[in-house]
Amino acid sequence: MINKTVEISNWSLVLSFAMVVISLLISYQQKLGLEKETIISVVRAIVQLIIVAYILRFVFRVDDFWLTSAMMAIILWNASRNGEKRADGVPHSLRTTFVALLLGGGVTLAILVFSGAIKPVPWQLVPITGMVMNTAMIAIDLVYRSLDQMFVDQQEQVFERLALGADPKLATGDIIKNAVKFGMQPTIDSIKTLGLVSLPGTMSGLIMAGVEPVLAIKYQIMVTFMILSSTALSSVYAAYATYRKYFNKNWLLELPSPK
Amino acid sequence: MLLEVKNLSVDPILAGINLTVNQDDWLTITGPSGGGKSTLLRALARLQDGVRGQIDLAGKSASDYDLSTYRQQVSYAVQSASLFGHTVRNNLDLPFQVRQVPVNLDRQLELLEKVDLPSDYLDKPITDLSGGQRQRVGLLRNLVFPPQVLLLDEITTGLDAQTKEVVWRLVKMSQTDHHLAIISVTHDSQEIAAANRLLTVKEGHLDD
(Lines give C-alpha, C1' and ligand atoms only; values in the text may rest on other atoms or scores of the structure.)
Protein backbone atom coordinates (compact mmCIF):
# COMPACT_ATOMS: atom_id res chain seq x y z
CA MET A 1 0.00 0.00 0.00
CA ILE A 2 2.79 2.37 1.00
CA ASN A 3 4.65 1.84 -2.26
CA LYS A 4 1.54 2.52 -4.33
CA THR A 5 0.96 5.92 -2.73
CA VAL A 6 4.39 7.28 -3.48
CA GLU A 7 4.91 5.65 -6.85
CA ILE A 8 5.60 7.97 -9.77
CA SER A 9 5.47 6.44 -13.23
CA ASN A 10 8.39 7.09 -15.55
CA TRP A 11 5.94 8.74 -17.93
CA SER A 12 4.86 11.30 -15.28
CA LEU A 13 8.50 11.98 -14.54
CA VAL A 14 9.22 12.70 -18.20
CA LEU A 15 6.17 14.97 -18.38
CA SER A 16 7.29 16.79 -15.27
CA PHE A 17 10.41 17.76 -17.21
CA ALA A 18 8.15 20.46 -18.64
CA MET A 19 8.80 22.34 -15.38
CA VAL A 20 12.50 22.51 -16.19
CA VAL A 21 11.56 23.84 -19.62
CA ILE A 22 9.49 26.58 -17.97
CA SER A 23 12.47 27.75 -15.95
CA LEU A 24 14.69 27.61 -19.04
CA LEU A 25 12.19 29.71 -21.00
CA ILE A 26 12.02 32.30 -18.26
CA SER A 27 15.80 32.48 -18.09
CA TYR A 28 15.99 32.86 -21.90
CA GLN A 29 13.22 35.42 -22.15
CA GLN A 30 14.49 37.52 -19.22
CA LYS A 31 18.10 37.20 -20.44
CA LEU A 32 19.18 35.83 -17.05
CA GLY A 33 21.88 33.71 -18.65
CA LEU A 34 21.05 30.82 -16.36
CA GLU A 35 20.19 28.29 -19.09
CA LYS A 36 23.54 26.53 -19.14
CA GLU A 37 23.78 26.42 -15.35
CA THR A 38 20.21 25.13 -15.06
CA ILE A 39 20.79 22.28 -17.52
CA ILE A 40 24.09 21.32 -15.92
CA SER A 41 22.63 21.35 -12.43
CA VAL A 42 19.57 19.32 -13.46
CA VAL A 43 21.70 16.70 -15.22
CA ARG A 44 24.08 16.62 -12.26
CA ALA A 45 21.20 16.21 -9.82
CA ILE A 46 19.71 13.34 -11.83
CA VAL A 47 23.01 11.50 -12.08
CA GLN A 48 23.87 12.12 -8.42
CA LEU A 49 20.46 10.99 -7.23
CA ILE A 50 20.49 7.79 -9.30
CA ILE A 51 23.92 6.86 -8.01
CA VAL A 52 22.95 7.72 -4.44
CA ALA A 53 19.75 5.67 -4.68
CA TYR A 54 21.72 2.57 -5.59
CA ILE A 55 24.38 3.25 -3.00
CA LEU A 56 21.75 3.80 -0.30
CA ARG A 57 19.98 0.57 -1.20
CA PHE A 58 23.29 -1.25 -0.97
CA VAL A 59 24.27 0.35 2.34
CA PHE A 60 20.85 -0.30 3.89
CA ARG A 61 20.86 -3.93 2.80
CA VAL A 62 24.38 -4.70 3.95
CA ASP A 63 23.76 -2.91 7.28
CA ASP A 64 27.40 -2.85 8.30
CA PHE A 65 28.84 -0.48 10.91
CA TRP A 66 31.94 0.43 8.91
CA LEU A 67 30.07 0.87 5.65
CA THR A 68 27.55 3.17 7.34
CA SER A 69 30.37 5.15 8.95
CA ALA A 70 32.11 5.47 5.59
CA MET A 71 28.92 6.74 4.03
CA MET A 72 28.56 9.38 6.77
CA ALA A 73 32.20 10.35 6.36
CA ILE A 74 31.65 10.87 2.63
CA ILE A 75 28.70 13.17 3.33
CA LEU A 76 30.84 15.11 5.81
CA TRP A 77 33.68 15.39 3.31
CA ASN A 78 31.42 16.56 0.47
CA ALA A 79 29.82 19.17 2.70
CA SER A 80 33.24 20.45 3.80
CA ARG A 81 34.44 20.71 0.20
CA ASN A 82 31.31 22.50 -0.88
CA GLY A 83 31.49 24.90 2.07
CA GLU A 84 35.08 25.73 1.18
CA LYS A 85 34.28 26.28 -2.49
CA ARG A 86 31.44 28.68 -1.78
CA ALA A 87 33.70 30.93 0.28
CA ASP A 88 35.32 32.88 -2.57
CA GLY A 89 38.78 34.21 -1.83
CA VAL A 90 38.29 33.99 1.90
CA PRO A 91 40.84 32.82 4.39
CA HIS A 92 38.94 29.80 5.62
CA SER A 93 40.59 26.52 5.25
CA LEU A 94 38.91 23.31 4.42
CA ARG A 95 39.91 22.26 7.91
CA THR A 96 37.79 24.88 9.67
CA THR A 97 34.72 23.91 7.68
CA PHE A 98 35.41 20.23 8.28
CA VAL A 99 35.83 20.65 12.03
CA ALA A 100 32.78 22.93 12.27
CA LEU A 101 30.63 20.35 10.50
CA LEU A 102 32.10 17.50 12.48
CA LEU A 103 31.40 19.33 15.73
CA GLY A 104 27.89 20.51 14.84
CA GLY A 105 26.88 17.25 13.21
CA GLY A 106 28.75 14.94 15.56
CA VAL A 107 27.38 16.35 18.80
CA THR A 108 23.86 16.44 17.40
CA LEU A 109 23.98 12.86 16.10
CA ALA A 110 25.48 11.63 19.35
CA ILE A 111 22.64 13.20 21.34
CA LEU A 112 20.05 11.69 19.01
CA VAL A 113 21.54 8.21 19.18
CA PHE A 114 22.20 8.18 22.93
CA SER A 115 18.79 9.60 23.76
CA GLY A 116 17.27 6.82 21.69
CA ALA A 117 15.55 9.30 19.36
CA ILE A 118 17.09 7.50 16.43
CA LYS A 119 18.46 4.01 16.19
CA PRO A 120 22.03 3.45 15.06
CA VAL A 121 20.90 1.77 11.86
CA PRO A 122 21.94 2.92 8.38
CA TRP A 123 18.44 3.88 7.16
CA GLN A 124 18.16 6.38 9.98
CA LEU A 125 21.76 7.50 10.43
CA VAL A 126 22.57 8.20 6.80
CA PRO A 127 19.58 10.42 5.88
CA ILE A 128 19.79 12.29 9.17
CA THR A 129 23.51 12.91 8.69
CA GLY A 130 22.63 14.36 5.30
CA MET A 131 20.03 16.69 6.76
CA VAL A 132 22.26 17.86 9.62
CA MET A 133 25.24 18.45 7.35
CA ASN A 134 23.19 20.34 4.81
CA THR A 135 21.77 22.87 7.27
CA ALA A 136 25.11 23.24 9.04
CA MET A 137 26.87 23.76 5.71
CA ILE A 138 24.49 26.56 4.75
CA ALA A 139 24.91 28.18 8.16
CA ILE A 140 28.72 28.03 7.95
CA ASP A 141 28.58 29.52 4.49
CA LEU A 142 26.53 32.44 5.82
CA VAL A 143 28.97 32.93 8.68
CA TYR A 144 31.87 33.19 6.22
CA ARG A 145 30.05 35.59 3.95
CA SER A 146 29.01 37.87 6.77
CA LEU A 147 32.51 37.86 8.30
CA ASP A 148 33.87 38.93 4.92
CA GLN A 149 31.30 41.61 4.45
CA MET A 150 31.65 43.02 7.95
CA PHE A 151 35.45 43.06 7.97
CA VAL A 152 35.36 45.00 4.70
CA ASP A 153 32.60 47.38 5.84
CA GLN A 154 34.10 47.97 9.26
CA GLN A 155 37.80 48.02 8.44
CA GLU A 156 38.19 51.60 9.69
CA GLN A 157 36.56 50.80 13.01
CA VAL A 158 38.70 47.68 13.41
CA PHE A 159 41.81 49.73 12.59
CA GLU A 160 40.89 52.39 15.16
CA ARG A 161 40.58 49.73 17.85
CA LEU A 162 43.93 48.22 16.87
CA ALA A 163 45.51 51.69 17.00
CA LEU A 164 44.34 52.00 20.61
CA GLY A 165 46.12 48.77 21.48
CA ALA A 166 43.29 46.28 21.12
CA ASP A 167 44.24 42.71 20.25
CA PRO A 168 42.52 41.05 17.26
CA LYS A 169 39.76 39.61 19.44
CA LEU A 170 38.86 42.97 20.97
CA ALA A 171 39.35 44.79 17.66
CA THR A 172 36.85 42.47 16.00
CA GLY A 173 34.12 43.92 18.21
CA ASP A 174 30.63 42.67 17.47
CA ILE A 175 31.60 41.10 14.17
CA ILE A 176 31.87 37.57 15.56
CA LYS A 177 28.56 37.80 17.37
CA ASN A 178 26.78 39.16 14.32
CA ALA A 179 28.29 36.55 12.02
CA VAL A 180 26.99 33.76 14.27
CA LYS A 181 23.60 35.46 14.29
CA PHE A 182 23.58 35.64 10.49
CA GLY A 183 24.43 31.96 10.33
CA MET A 184 21.58 30.94 12.61
CA GLN A 185 18.91 33.41 11.51
CA PRO A 186 17.55 31.52 8.48
CA THR A 187 17.18 28.35 10.55
CA ILE A 188 15.28 30.20 13.26
CA ASP A 189 13.14 32.00 10.67
CA SER A 190 12.23 28.76 8.94
CA ILE A 191 11.30 27.19 12.27
CA LYS A 192 8.91 30.05 13.00
CA THR A 193 6.80 29.23 9.96
CA LEU A 194 6.97 25.45 10.33
CA GLY A 195 3.59 24.00 9.56
CA LEU A 196 2.22 27.41 8.59
CA VAL A 197 4.02 27.83 5.30
CA SER A 198 6.31 24.90 4.99
CA LEU A 199 5.36 21.31 5.58
CA PRO A 200 8.94 20.21 5.83
CA GLY A 201 10.58 17.35 4.01
CA THR A 202 10.69 14.71 6.68
CA MET A 203 7.11 15.20 7.73
CA SER A 204 5.72 15.45 4.19
CA GLY A 205 7.67 12.38 3.17
CA LEU A 206 6.34 10.31 6.03
CA ILE A 207 2.77 11.49 5.50
CA MET A 208 2.97 10.79 1.79
CA ALA A 209 4.28 7.35 2.59
CA GLY A 210 1.13 6.76 4.66
CA VAL A 211 2.46 7.35 8.18
CA GLU A 212 0.06 8.86 10.75
CA PRO A 213 0.53 12.68 10.88
CA VAL A 214 0.95 12.54 14.66
CA LEU A 215 3.87 10.15 14.29
CA ALA A 216 5.29 12.14 11.40
CA ILE A 217 5.24 15.28 13.50
CA LYS A 218 7.35 13.66 16.20
CA TYR A 219 10.05 13.13 13.66
CA GLN A 220 9.73 16.67 12.46
CA ILE A 221 10.11 18.05 15.97
CA MET A 222 13.23 15.98 16.40
CA VAL A 223 14.62 17.23 13.09
CA THR A 224 13.92 20.80 14.17
CA PHE A 225 15.84 20.38 17.42
CA MET A 226 18.60 18.73 15.50
CA ILE A 227 19.13 21.49 12.94
CA LEU A 228 19.01 24.11 15.68
CA SER A 229 21.85 22.54 17.60
CA SER A 230 23.95 21.75 14.56
CA THR A 231 23.67 25.25 13.06
CA ALA A 232 24.42 26.85 16.44
CA LEU A 233 27.51 24.74 17.12
CA SER A 234 28.84 24.94 13.57
CA SER A 235 28.30 28.70 13.29
CA VAL A 236 30.00 29.47 16.59
CA TYR A 237 32.98 27.30 15.80
CA ALA A 238 33.34 28.62 12.24
CA ALA A 239 33.20 32.26 13.39
CA TYR A 240 35.71 31.86 16.22
CA ALA A 241 38.09 29.74 14.16
CA THR A 242 38.03 32.20 11.26
CA TYR A 243 38.11 35.77 12.61
CA ARG A 244 41.80 35.57 13.54
CA LYS A 245 42.69 34.79 9.94
CA TYR A 246 41.72 38.32 8.94
CA PHE A 247 44.68 39.62 10.95
CA ASN A 248 48.36 39.16 10.20
CA LYS A 249 51.17 38.68 12.72
CA ASN A 250 51.54 42.47 13.08
CA TRP A 251 47.94 42.61 14.32
CA LEU A 252 46.82 44.43 11.19
CA LEU A 253 43.79 43.65 9.10
CA GLU A 254 44.56 41.63 6.02
CA LEU A 255 41.48 41.50 3.83
CA PRO A 256 41.35 38.76 1.23
CA SER A 257 41.34 39.99 -2.35
CA PRO A 258 38.31 38.56 -4.14
CA LYS A 259 39.20 35.84 -6.66
CA MET B 1 65.69 60.27 24.16
CA LEU B 2 62.13 59.08 24.16
CA LEU B 3 61.67 57.96 20.56
CA GLU B 4 64.60 57.32 18.29
CA VAL B 5 64.16 56.27 14.67
CA LYS B 6 67.10 55.06 12.61
CA ASN B 7 67.07 54.41 8.88
CA LEU B 8 63.38 53.61 8.72
CA SER B 9 61.99 52.48 5.35
CA VAL B 10 58.66 51.30 4.05
CA ASP B 11 58.96 50.09 0.48
CA PRO B 12 58.25 51.95 -1.79
CA ILE B 13 56.87 54.87 0.22
CA LEU B 14 59.56 55.91 2.69
CA ALA B 15 63.33 55.55 2.75
CA GLY B 16 66.09 56.33 5.21
CA ILE B 17 64.11 58.24 7.82
CA ASN B 18 66.01 59.36 10.92
CA LEU B 19 64.25 61.10 13.76
CA THR B 20 64.54 61.73 17.48
CA VAL B 21 61.85 63.04 19.78
CA ASN B 22 62.04 63.85 23.48
CA GLN B 23 59.49 64.37 26.21
CA ASP B 24 57.63 67.68 25.81
CA ASP B 25 58.71 67.96 22.17
CA TRP B 26 56.23 69.07 19.57
CA LEU B 27 57.23 68.11 16.07
CA THR B 28 55.20 69.29 13.09
CA ILE B 29 55.46 67.37 9.84
CA THR B 30 54.14 68.64 6.56
CA GLY B 31 54.60 67.84 2.89
CA PRO B 32 52.69 67.09 -0.29
CA SER B 33 49.82 64.57 -0.34
CA GLY B 34 50.96 61.04 -0.99
CA GLY B 35 54.45 61.89 0.20
CA GLY B 36 54.31 59.33 2.99
CA LYS B 37 53.37 61.39 6.05
CA SER B 38 50.59 59.07 7.23
CA THR B 39 52.72 56.03 6.46
CA LEU B 40 55.47 57.50 8.64
CA LEU B 41 53.10 57.98 11.58
CA ARG B 42 51.66 54.51 11.15
CA ALA B 43 55.14 53.02 10.97
CA LEU B 44 56.04 54.80 14.23
CA ALA B 45 52.87 53.40 15.84
CA ARG B 46 53.61 49.87 14.54
CA LEU B 47 50.43 50.06 12.49
CA GLN B 48 52.17 49.50 9.19
CA ASP B 49 53.37 46.35 7.42
CA GLY B 50 56.71 46.11 5.69
CA VAL B 51 58.64 48.49 7.98
CA ARG B 52 62.44 48.17 8.09
CA GLY B 53 64.93 50.00 10.27
CA GLN B 54 65.16 50.64 13.97
CA ILE B 55 62.66 52.26 16.32
CA ASP B 56 63.54 52.65 20.00
CA LEU B 57 61.08 53.76 22.64
CA ALA B 58 62.56 54.84 25.98
CA GLY B 59 65.82 53.09 25.17
CA LYS B 60 64.22 49.80 24.26
CA SER B 61 63.67 48.42 20.78
CA ALA B 62 60.04 48.73 19.66
CA SER B 63 59.96 45.04 18.79
CA ASP B 64 60.78 44.17 22.41
CA TYR B 65 57.45 45.61 23.56
CA ASP B 66 54.36 43.57 23.04
CA LEU B 67 52.19 45.17 20.36
CA SER B 68 49.39 46.23 22.66
CA THR B 69 51.69 47.92 25.19
CA TYR B 70 53.61 49.68 22.44
CA ARG B 71 50.49 51.00 20.72
CA GLN B 72 49.21 52.24 24.08
CA GLN B 73 52.43 54.20 24.59
CA VAL B 74 52.81 55.48 21.02
CA SER B 75 49.23 56.40 20.39
CA TYR B 76 48.02 57.11 16.86
CA ALA B 77 45.05 59.45 16.40
CA VAL B 78 43.41 58.85 13.04
CA GLN B 79 42.46 61.40 10.47
CA SER B 80 38.65 61.78 10.45
CA ALA B 81 37.79 59.22 13.14
CA SER B 82 34.88 57.01 12.15
CA LEU B 83 34.27 55.79 15.73
CA PHE B 84 33.16 52.23 16.50
CA GLY B 85 30.35 50.51 18.36
CA HIS B 86 27.08 52.35 18.92
CA THR B 87 27.68 55.13 21.41
CA VAL B 88 30.35 57.54 22.58
CA ARG B 89 30.64 55.36 25.68
CA ASN B 90 31.69 52.34 23.59
CA ASN B 91 34.60 54.42 22.31
CA LEU B 92 35.68 55.73 25.67
CA ASP B 93 35.36 52.28 27.26
CA LEU B 94 37.80 50.62 24.88
CA PRO B 95 41.01 52.03 26.42
CA PHE B 96 39.91 50.49 29.74
CA GLN B 97 39.08 47.17 28.09
CA VAL B 98 42.48 47.14 26.38
CA ARG B 99 44.17 47.54 29.77
CA GLN B 100 41.72 45.17 31.45
CA VAL B 101 40.85 47.64 34.18
CA PRO B 102 37.41 48.79 35.36
CA VAL B 103 35.91 51.73 33.48
CA ASN B 104 36.45 55.03 35.28
CA LEU B 105 33.32 57.09 34.64
CA ASP B 106 34.72 60.24 36.26
CA ARG B 107 37.67 60.19 33.89
CA GLN B 108 35.34 59.82 30.89
CA LEU B 109 33.18 62.76 31.99
CA GLU B 110 36.22 64.90 32.77
CA LEU B 111 37.51 64.33 29.24
CA LEU B 112 34.17 65.10 27.60
CA GLU B 113 34.07 68.36 29.52
CA LYS B 114 37.54 69.28 28.30
CA VAL B 115 36.31 69.24 24.71
CA ASP B 116 33.05 71.09 25.48
CA LEU B 117 30.79 68.05 25.23
CA PRO B 118 28.06 67.69 27.90
CA SER B 119 28.04 64.56 30.04
CA ASP B 120 24.87 63.15 28.44
CA TYR B 121 26.92 62.75 25.25
CA LEU B 122 28.34 59.59 26.78
CA ASP B 123 25.25 57.68 25.67
CA LYS B 124 24.82 59.56 22.43
CA PRO B 125 24.68 57.30 19.35
CA ILE B 126 27.75 57.95 17.22
CA THR B 127 25.50 58.40 14.19
CA ASP B 128 24.07 61.55 15.83
CA LEU B 129 27.45 63.27 16.13
CA SER B 130 28.72 65.97 13.80
CA GLY B 131 32.10 65.58 12.11
CA GLY B 132 33.73 67.87 14.65
CA GLN B 133 32.21 66.02 17.60
CA ARG B 134 33.38 62.71 16.18
CA GLN B 135 36.89 63.98 15.80
CA ARG B 136 36.92 65.22 19.39
CA VAL B 137 35.67 61.88 20.75
CA GLY B 138 38.18 60.14 18.50
CA LEU B 139 41.04 62.07 20.07
CA LEU B 140 39.75 61.55 23.62
CA ARG B 141 40.22 57.81 23.15
CA ASN B 142 43.95 58.39 22.74
CA LEU B 143 44.08 60.49 25.90
CA VAL B 144 42.01 58.46 28.39
CA PHE B 145 45.35 57.04 29.46
CA PRO B 146 47.98 59.58 28.39
CA PRO B 147 50.57 57.93 26.13
CA GLN B 148 54.25 58.80 26.00
CA VAL B 149 54.11 59.74 22.34
CA LEU B 150 51.00 61.10 20.64
CA LEU B 151 50.82 60.90 16.85
CA LEU B 152 48.29 63.25 15.27
CA ASP B 153 47.37 62.54 11.66
CA GLU B 154 45.76 65.71 10.28
CA ILE B 155 43.26 65.59 13.10
CA THR B 156 41.89 69.09 12.49
CA THR B 157 41.38 68.75 8.74
CA GLY B 158 37.88 69.88 7.83
CA LEU B 159 37.06 71.27 11.27
CA ASP B 160 35.77 74.79 11.82
CA ALA B 161 37.98 77.33 13.57
CA GLN B 162 36.21 76.99 16.90
CA THR B 163 36.46 73.19 17.02
CA LYS B 164 40.13 73.39 15.98
CA GLU B 165 40.67 75.67 18.94
CA VAL B 166 39.05 73.16 21.31
CA VAL B 167 41.10 70.29 19.93
CA TRP B 168 44.43 72.11 20.16
CA ARG B 169 43.62 73.34 23.65
CA LEU B 170 43.12 69.72 24.74
CA VAL B 171 46.33 68.56 23.08
CA LYS B 172 48.38 71.37 24.62
CA MET B 173 46.86 70.81 28.04
CA SER B 174 47.63 67.09 27.85
CA GLN B 175 51.21 67.84 26.87
CA THR B 176 51.69 70.24 29.76
CA ASP B 177 50.13 67.85 32.27
CA HIS B 178 51.75 64.64 31.09
CA HIS B 179 54.88 65.70 29.19
CA LEU B 180 53.79 64.01 25.98
CA ALA B 181 55.97 64.00 22.93
CA ILE B 182 53.77 65.04 20.02
CA ILE B 183 54.28 64.43 16.33
CA SER B 184 51.66 66.18 14.30
CA VAL B 185 51.10 65.83 10.56
CA THR B 186 49.31 68.78 9.03
CA HIS B 187 48.53 70.86 5.94
CA ASP B 188 47.15 73.74 7.95
CA SER B 189 49.11 76.96 7.26
CA GLN B 190 48.44 78.33 10.76
CA GLU B 191 49.73 75.18 12.42
CA ILE B 192 52.77 75.20 10.15
CA ALA B 193 53.44 78.83 10.99
CA ALA B 194 53.14 78.13 14.71
CA ALA B 195 55.42 75.08 14.63
CA ASN B 196 58.57 75.24 16.69
CA ARG B 197 60.16 72.28 14.93
CA LEU B 198 59.02 71.72 11.36
CA LEU B 199 59.97 68.83 9.10
CA THR B 200 58.86 68.04 5.56
CA VAL B 201 58.20 64.59 4.14
CA LYS B 202 58.69 64.70 0.40
CA GLU B 203 58.93 61.74 -1.96
CA GLY B 204 59.59 59.43 0.94
CA HIS B 205 62.38 61.51 2.52
CA LEU B 206 62.45 63.66 5.59
CA ASP B 207 63.97 67.15 5.27
CA ASP B 208 64.62 69.76 7.93
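A: B:K114 counts as partly exposed, because its relative accessibility is 23%, which falls between the limits of 20% and 50%. The model in which this residue is seen is a predicted one.

The side chain of B:K114 meets that of B:E110 in a salt bridge, with 3.5 Å from N to O. These two residues are 4 apart in helix α4 of chain B, so about one helical turn separates them. B:E110 is likewise classed as partly exposed, because its relative accessible area is 35%.

B:E110 has a second salt bridge, formed with B:R107, where the N to O distance is 3.2 Å. This pair also lies within helix α4 of chain B, the two residues being 3 apart, or about one turn of the helix. In general, side chains of opposite charge can pair when their charged atoms come close.

B:R107 belongs to helix α4, which covers residues 105–114 of chain B. Is B:R107 buried or exposed? B:R107 is buried, because its relative accessibility is 15% and the limit for that class is under 20%. Apart from neighbours within four places in sequence, the residues in contact with B:R107 are B:F96, B:K114, B:L143, B:V144 and B:P146.

Over all chains, the whole structure holds 10 of them. One of chain B joins B:D11 to B:R52, with the closest N and O atoms 3.8 Å apart. B:D11 sits in the loop between β1 (3–10) and β2 (14–21), while B:R52 is in strand β4 (residues 51–57), so this pair ties together parts of chain B that are 41 residues apart in sequence. Both B:D11 and B:R52 are exposed.

Between chain A and chain B the count is 1 salt bridge. A:E160 pairs there with B:R141, and the closest N and O atoms are 2.9 Å apart. Helix α8 of chain A (residues 155–163) gives 7 residues to the side of chain A that touches chain B, the largest share. That side is made up of 8 nonpolar, 4 polar and 6 charged residues. Across the same interface, 9 residue pairs are in polar contact.

In terms of contacts, 18 residues of chain A meet 21 residues of chain B. The two chains bury about 1800 Å² between them, and carbon and sulfur atoms account for 58% of this. A:F159, A:E160 and A:L164 supply 37% of the area that chain A buries against chain B, more than any other three residues.

Chain A has 12 helices and 0 strands, and 36% of its 259 residues are buried. Its C-alpha trace spans about 70 × 55 × 35 Å along the principal axes. A:M71, in helix α5 (residues 65–86) of chain A, is one residue that counts as buried, because its relative accessibility is 13%. Beyond its neighbours within four places in sequence, A:M71 is in contact with A:I55, A:L56, A:V59 and A:V126.

Definitions and conventions. Residues are numbered from 1 along each chain as its sequence is written. Chains are lettered from A and ligands numbered from 1 in the order in which they are written. This is a predicted model: local features need pLDDT of at least 70, side-chain atom pairs count only at pLDDT 80 or more; totals for chains, interfaces and linings use all residues. Side-chain values use heavy atoms; hydrogens and water are left out. Contact means heavy atoms within 4.5 Å. Buried area is the accessible area (1.4 Å probe) that two parts lose on being put together, summed over both. A salt bridge is a side-chain nitrogen of Lys or Arg within 4 Å of a carboxyl oxygen of Asp or Glu. A polar contact is a pair of N or O atoms within 3.5 Å; within protein, one must be able to donate a hydrogen and the other to accept it, and residues adjacent in sequence count only if both atoms are side-chain atoms. Ala, Val, Leu, Ile, Met, Phe, Trp, Tyr, Cys and Pro count as nonpolar, Asp, Glu, Lys and Arg as charged, and the others, Gly among them, as polar. Buried means under 20% relative accessible area, exposed over 50%, partly exposed in between (1.4 Å probe, protein chains only).
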